[in-house]
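Subject: Structure handover

Hello,

Here is the structure you asked about, with the sequence alongside. My notes on what was found in it follow below.

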Amino acid sequence: TRGRAFTKKEEIFALQKERTVQVKETTEAFFQSVRSFRNEFRKKAPFNFEGAPDEAYAMLDDYHERLVTLQAGADQLNALEDLFELDVSRFTEFRDTLKELRLLYKLWDLKSMVSLTYESWEQMLWSEANTDDLQTQNGKLSDFQTKTLAERDPIIKAWGVYKQIEDQIKNMKLTLPLIAQLHSDALRKRHWTRLAEICGVKSLDPEDPSFTLEEVFKLGLHRHGTDVEDVVDTAGKQSKIEKKLSAIEANWASAVIGFAKHKDDSDVMLIRPSEELLEMLENDTMELQTVKGMGKYAEFFQDKVTIWDTNMQEMDEVLKIWGNVTKAWSDLEVIFMES
């Protein structure tokens with residue numbers, strides 16, 4: 001009886017040893033599958049994916065399901081290891097992968113939110129776009145990206161999707177102030193034509209009631225910042241020139257030279273330009289000289305400036321000659337008509 005009992009113990013011990021070896025082998029094989037999953041995740045998960053968020057979410061969901069399955073397998077192995085009094089294995093890959101998976105979900109949530117936000121802006125009519133409000137919203141997206149995500153987990157800064165979001169927000173941050181400048185009343189059709197040439201499109205018509213921000217976003221203004229600012233600056237300076245010329249035209253359209261009787265009992269009228277008229281002539285002549293000195297900004301108005309500059313010179317010359325003739329006649333009239 002003792003012999004049989006001893007034999008039974010040996011059999012149990014042998015079986016236990018065999019099962020222990022099997023558990024260790026299974027654990028080693030499982031380790032390999034976990035490492036394989038981890039390597040695949042690092043290579044193929046949407047860290048640098050440039051497709052749509054829906055595609056990225058599908059990939060993340062698939063990895064999450066596989067991770068849950070692997071975790072269940074790990075739990076079973078840990079239970080067996082505990083049963084056979086083996087050291088319980090710790091699969092650190094699960095912890096690292098789960099952390100990165102959660103961060104990827106957050107990043108793709110942000111990317112989706114940024115894309116949807118910008119798409120909603122695209123539908124705004126140009127005439128109704130409030131760039132101050134849009135810049136405020138864009139600032140909140142930027143703060144969430146940097147302060148809520150990047151500061152907590154700096155590792156994400158090296159991921160492609162983070163850089164994509166960063167570029168999206170940065171480009172919009174550069175674009176919105178340019179859009180604000182392009183809302184200037186100083187811009188004329190010729191300036192929009194120039195802008196279209198800079199951005200490589202056929203035409204732009206902000207006067208069209210259906211003109212939206214989508215058409216402006218497509219221009220990639222952030223890539224042409226200096227040129228866009230030059231167009232706006234040119235429009236602003238040309239607007240000032242336009243106002244100066246309009247004021248000069250208005251001045252002389254209603255200007256009255258002024259005459260006075262030679263004597264109280266005479267019907268002869270002599271030219272007597274007022275001080276205001278002569279001062280206006282001097283000021284407008286100086287304004288035209290200022291405009292001529294504005295170089296490229298005055299080129300569009302060159303013909304009109306030349307005409308008015310000639311008019312001012314002729315006006316000054318005629319008034320001087322007319323005044324000299326009048327004075328000479330007045331002096332001679334006393335000698336020859338009243339002597």
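**Salt bridges**

The side chains of Asp 309 and Lys 292 form a salt bridge, with 3.1 Å from N to O. Asp 309 belongs to helix α10 (residues 302-337) and Lys 292 to helix α9 (residues 275-292), so this pair ties together parts that are 17 residues apart in sequence. Asp 309 is buried, at a relative accessible area of 8%, while Lys 292 is partly exposed, at 44%. Please keep in mind that this is a predicted model, and that the distances and areas here are computed from it.

Lys 320 and Asp 316 meet through their side chains at 3.2 Å, N to O. They are four residues apart in helix α10, which means a separation of about one helical turn. Lys 320 is exposed, with a relative accessible area of 51%; the cut-off for that class is over 50%. Asp 316 is partly exposed, at 30%.

Some salt bridges share partners: Arg 38, Arg 42 and Glu 100 are joined in this way into one network.

A further pair sits in helix α6. The side chains of Glu 197 and Arg 194 meet in a salt bridge of 3.4 Å, N to O. Both residues lie in α6, three residues apart, or about one turn of the helix. Glu 197 is exposed, with a relative accessible area of 52%, and Arg 194 is partly exposed, with 42%.

How many salt bridges does a search of the whole structure find? The count is 16.

**Overall fold**

The protein chain has ten helices and two strands. Read from the N terminus, the order of its elements is α-α-α-α-α-α-α-α-β-β-α-α. The chain has 339 residues, and 36% of them count as buried.

**Nonpolar core**

The largest nonpolar core contains 61 residues. Within this core, the residues with the most contacts are Leu 104, Leu 182, Leu 195 and Leu 221. Two or more core residues come from each of α1 (2-44), α2 (53-83), α3, α4, α5 (160-182), α6, α7 and α8 (225-253). Which element gives the largest share of this core? That is α3, with ten residues. In soluble globular proteins, nonpolar side chains tend to be buried together.

**Surface patches**

- Leu 332, Val 334, Ile 335, Phe 336 and Met 337 make a nonpolar surface patch of about 550 Å². Phe 336 is part of helix α10, and it is exposed, with a relative accessible area of 62%.
- Asp 205, Glu 207, Asp 208 and Glu 215 form a negative surface patch. Asp 208 sits in the loop between α6 (189-199) and α7 (213-217). Asp 208 is partly exposed, with a relative accessible area of 33%. Residues in a patch must have over 30% relative accessible area, so Asp 208 passes that cut-off at 33%.

**Residues apart in sequence**

Two C-alpha distances complete the notes.

Glu 128 lies in the loop between α3 (92-122) and α4 (131-150). Is this residue buried or exposed? Glu 128 is exposed, with a relative accessible area of 60%. Glu 128 and Thr 212 are 84 residues apart in sequence, and their C-alpha atoms are 9.1 Å apart in space.

Thr 92 is located in helix α3. Thr 92 is partly exposed, with a relative accessible area of 37%. From Thr 92 to Val 34 there are 58 residues in sequence and 9.7 Å in space, C-alpha to C-alpha.

Regards

Technical notes: Residues are numbered from 1 along each chain as its sequence is written. This is a predicted model: local features need pLDDT of at least 70, side-chain atom pairs count only at pLDDT 80 or more; totals for chains, interfaces and linings use all residues. Side-chain values use heavy atoms; hydrogens and water are left out. Buried means under 20% relative accessible area, exposed over 50%, partly exposed in between (1.4 Å probe, protein chains only). Patches are made of residues with over 30% relative accessible area and no salt bridge: like charges are joined within 9 Å, nonpolar side chains (Val, Leu, Ile, Met, Phe, Trp, Tyr) within 5 Å. Accessible areas come from the Shrake-Rupley method with a 1.4 Å probe; for residues, only the protein chains shown count as cover. A salt bridge is a side-chain nitrogen of Lys or Arg within 4 Å of a carboxyl oxygen of Asp or Glu. Lys and Arg count as positive and Asp and Glu as negative; His and the chain ends are not counted. The place of a charge is taken as NZ of Lys, CZ of Arg, CG of Asp or CD of Glu. A nonpolar core is a set of buried Ala, Val, Leu, Ile, Met, Phe, Trp, Tyr and Cys residues joined through side-chain atoms within 4.5 Å.
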